[in-house]
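Please look over the chain shown here, first as a whole and then at a single position within it.

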Amino acid sequence: MGAEEEYLLVDPVTRELRPEAQKVVSEAAAELGERVTTEITRYQVEARTDPHTSLAAFAEQVSAMRTAIVRAAARHGLAVVSSGTPVLPRPGPLEVTDGPRYARSVAMFGALDDEQTICACHLHIGIPDVDLALLVSNHLRSRLPQLIALAANSPFWQGRDTGYASWRTLAWARWPAAGPPPHFDSTAHFDALVEDLTATGTIMDRGGLYWDIRPSHHVPTLEIRAFDAAPAVADTVLLAAVTRALVATALADIEVGKPALRPPADLLRAACWRAARDGLTGDAVDLHTRHLVPAVTLIDRMLDDLRPALLHHGDLDKVTAGWVRLRAIGNGAERQRAAHQNRNSLSDVVDALMEAVNVEDPCHD
């Protein structure tokens, strides 16, 4: 497993976005090499881990990666936050990173790119066989609402509370190939759809598939993209352990011929919308019964289903402790709103995010 994390650069005094990504990336590259890069806007930095089989080693590298970026930013008078959306309004017009791909995207998608100051955590699980990766994708689709609720960390947009736990999910949903992926009947079905989307100018290439789950176009993995950028190391670690267990459980089900749950596409989309709105604090759509249940109950049931895989990987205690922690302090969206509530201050939210970005995992062995 491995992770790609996107971070936002802010002024530690004004708390506004700062378009200084190239400087920070150049500085951080002394420690991280090619594992740190720019993103579509000049406000964002992206970093990635190496592949790991050990959750403890993965957690250590996420922490070290964040430390390197925070230090590099500080040397330029900047701070780093890990949030699905910026809290304060963007100061001025969008500043896009130089490069032909980004220029082509802006020309092709217009105002959609105006909202690309959103940040995600992408988790990769190694599955080198595309046929098998697509079968796993079919099994994971119905779990997307739980994953969105767990990772929700973007309640604010343009200086206001959106009423959603994950506004980033809604922003991504506007793109033509985004949200829950289709249920694929075969690799030929996948290839034909990608060819049609490319030929019709819907996407630039396979890298423009922004589905919440997709076979990676550049590494031999299944990429799960449903997560808001995680506020703290512990959040990323919990999401990684749960994701690996989901994939392992799907592989076991595939091996014994258990079919994937196949909810109607519109119902799955509605369930993801509900998860993005309510996060962990409200009800969620149980896609088995098609009834509403408390979101935390649905996640409890998912973790029960994952117990054999979590035990197999030695992650059960870690995930149990992480879930207890999340139930106690809330997901990222709840923590952002709690920081705002104290003084009705958006600056306090940014300060809380700056403080959280590299807090050590409290469950670290």
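The briefing below covers the overall fold and then the surroundings of one residue.

The coordinates come from a predicted model, and the secondary structure of the chain comprises 13 helices and 13 strands. With a radius of gyration of 19 Å, close to the 21 Å that the globule rule gives for 365 residues, the chain is as compact as a globular protein of that length.

**Overall dimensions and packing**
- Taken along the principal axes, the C-alpha atoms of the chain fill a box of roughly 55 × 50 × 40 Å.
- Of the 365 residues, 57% count as buried, and among the contacts between residues at least 6 apart in sequence, 75% join residues at least 24 apart.

**Surface and charge**
- The accessible surface of the chain comes to about 15000 Å², and 52% of that area belongs to carbon and sulfur atoms.
- The chain carries 35 positive and 48 negative charges, whose mean positions are 3 Å apart.

**Aspartate 235**
- Aspartate 235 is part of helix H8, which spans residues 233-255.
- Aspartate 235 counts as buried because its relative accessibility is 7%, where the cut-off for buried is under 20%.
- When neighbours within four places in sequence are left aside, the residues in contact with aspartate 235 are Ala230, Arg325, Leu326 and Arg335.
- Arginine 269 lies 34 residues from aspartate 235 along the chain, and the C-alpha atoms of these two residues are separated by 24 Å.

How values were computed. Residues are numbered from 1 along each chain as its sequence is written. This is a predicted model: local features need pLDDT of at least 70, side-chain atom pairs count only at pLDDT 80 or more; totals for chains, interfaces and linings use all residues. Side-chain values use heavy atoms; hydrogens and water are left out. Helices (H or I, at least four residues) and strands (E, at least two) are DSSP runs, numbered from the N terminus. Buried means under 20% relative accessible area, exposed over 50%, partly exposed in between (1.4 Å probe, protein chains only). Contact means heavy atoms within 4.5 Å. The radius of gyration is taken over C-alpha atoms; the globule rule is 2.2 Å times the number of residues to the power 0.38. Accessible areas come from the Shrake-Rupley method with a 1.4 Å probe; for residues, only the protein chains shown count as cover. Lys and Arg count as positive and Asp and Glu as negative; His and the chain ends are not counted. The place of a charge is taken as NZ of Lys, CZ of Arg, CG of Asp or CD of Glu.
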